[in-house]
Amino acid sequence: MANSKKPASKPNTGFMKPLTPSPALAAVIGPDAVPRTEVTKKIWEYIKKHNLQDASNRRNINADAKLKKVLGKDQVNMFELSKLLSAHLK
């Protein structure tokens, strides 16, 4: 058996590219252009700070007035979140 090394994988620069949030999303996470990963992190900080996870099903997020402008509904499943957020990033 030969000792074969995999070539080092390049990081996915698409995730690291700073994106500008829409005005509705900027009201939640701030106006600065940030990578997609940072947007998700800031949204979760907002959700936890304002206690927006559903008490009976923690996978659901209950939107407050600011978040509803971004998500478009009163309640979303956490798996829908990134899809809904991507519509607010350029």
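Helices here are DSSP runs (H or I, at least four residues), numbered from the N terminus. This is a predicted model: local features need pLDDT of at least 70, side-chain atom pairs count only at pLDDT 80 or more, and totals for chains, interfaces and linings use all residues. Residues are numbered from 1 along each chain as its sequence is written, and side-chain values use heavy atoms, leaving out hydrogens and water.

**View 1. Val28 sits in helix α2.** Val28 counts as buried because its relative accessibility is 13%; buried means under 20% relative accessible area with a 1.4 Å probe, protein chains only. Beyond four places in sequence, Val28 touches Ile43, Tyr46, Lys66, Leu67 and Val70. Contact means heavy atoms within 4.5 Å. The C-alpha atoms of Val28 and Tyr46 are 7.3 Å apart, though 18 residues separate the two along the chain.

**View 2. The largest nonpolar core has 20 residues.** Such a core is a set of buried Ala, Val, Leu, Ile, Met, Phe, Trp, Tyr and Cys residues joined through side-chain atoms within 4.5 Å. Those with the most contacts inside it are Leu25, Val39, Ile43, Ile47, Ile61, Leu67 and Leu81. Two or more residues each come from α2 (23–29), α3 (36–49), α4 (65–71) and α5 (81–86). Helix α3 gives the largest share, 5 residues.

**View 3. Leu81 and its contacts.** Neighbours within four places in sequence are left aside. Leu81 then meets Ile43, Trp44, Ile47, Ile61, Leu71 and Val76.

**View 4. Ser22 lies in the loop between α1 (13–16) and α2.** Ser22 is buried, at 15% relative accessible area. Its side chain joins that of His88 through a polar contact of 2.7 Å. A polar contact pairs N or O atoms within 3.5 Å; within protein, one must be able to donate a hydrogen and the other to accept it, and residues adjacent in sequence count only if both atoms are side-chain atoms.

Note on methods. Buried < 20%, exposed > 50% of the residue type's maximum accessible area, 1.4 Å probe, protein only.
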